[in-house]
Amino acid sequence: MRYYIADSHFFHGSLNDKMDCRGFSTPEEMNQYMLQKWNQKVRPQDEVVILGDLSWGKAEETNELLKKLHGKLYLIQGNHDRFLKNNAYDAARFVWIKPYEELHDQKRKVVLCHYPILCYNGQYRLDAQGNPKTYMLYGHVHDTIDQRLLETFQQITRETQRTGFDGETRPIPCHMINCFCKYSDYEPLTLDEWIENDRKRRERQKGENLCAADTILTGQPSQKR
């Protein structure tokens, strides 16, 4: 089984009350919870592709973490993986470390980068049923205004019609998924699980936006529909 996850930021205590507002009382509590969620899901023979920013800890701290994490580990390098600059970290724990990669997962291509790629390789490829053959998996932006902008970009792209070489006019495909660890309650997920997680999160977000719009217009919270 292959799993994906981004931006765990082990040891990064300030994320508990800033930016992510994760809400753990200490970095140690956060680390323990994330480690438990990881190892409950991942078996030793499973693969885990980490889409950057695994650890904010020192090389020695990260080495101890790596010994505890289940699975065969693959790292897409993030901007906060500062332990990589220290020769003391255990490079042997990773099958590979790369800034970018393209893999195949259940007959679908996955484009992997810590940073979101708006026009990614294979974006227009669909199967005979019109399902996407390529997904772009990323991290970096957490759940910030940058993620909201990316969602707006995707919506505009999907609503834009384009005439292909066959003369047919179709909406432009855009299948980008932010594998932010907090979106999955810090649990690595398969590609199919991330697709479903992303769909449900967008539906909830759309409902919240409708409620907010109703409140602005009427001054009262909207009723359940």
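**Notes on strands and a helix**

1. In this predicted model, strand β3 (residues 72–76) is joined to β4 by 4 bridges, and the two run parallel. Within this pairing, Leu73 has Phe94 of β4 as its bridge partner.

2. These strands belong to an open sheet of 4 strands, ordered β1-β2-β3-β4, with parallel pairing. The edges are taken by β1 (2–5) and β4 (94–98); each has a single partner strand, so one side of each lacks a neighbour in the sheet. From one strand to the next, the twist averages 15°. As background, the strands of a sheet pair through backbone hydrogen bonds, either parallel or antiparallel.

3. Asp105 has Arg108 in β6 as its bridge partner. The hairpin of β5 and β6 has 2 residues between the strands, and Gln106 takes a positive phi near 50° there.

4. β6 also pairs with strand β7 (residues 134–138), in the parallel sense and over 4 bridges. Here Val110 stands opposite Tyr135 in β7.

5. Is strand β6 (residues 108–113) covered on one face or on both faces? Both are covered: Arg108, Val110 and Leu112 are buried on one side, and Lys109, Val111 and Cys113 on the other. In a regular strand, side chains alternate between the two faces of the sheet.

6. Helix α3 (residues 145–158) has 14 residues and reaches 20 Å from its first C-alpha to its last. Its buried residues are Gln147, Leu150, Glu151, Gln154 and Thr157. Seen down the axis of α3, they fall within an arc of 125°, so they line one face of the helix. On the other side of α3, Ile145, Leu149 and Ile156 are exposed.

Note on methods:
Residues numbered from 1 in each chain as written. Predicted model: local features only at pLDDT ≥ 70, side-chain atom pairs only at ≥ 80, totals over all residues. Heavy atoms only, no water. Expected span 1.5 Å × (residues − 1). Buried < 20%, exposed > 50% of the residue type's maximum accessible area, 1.4 Å probe, protein only. Arc of directions from axis to C-beta. Pairing = 2+ DSSP bridges. Axes fitted to C-alpha atoms, helices over the stretch in contact; angles between N-to-C directions.
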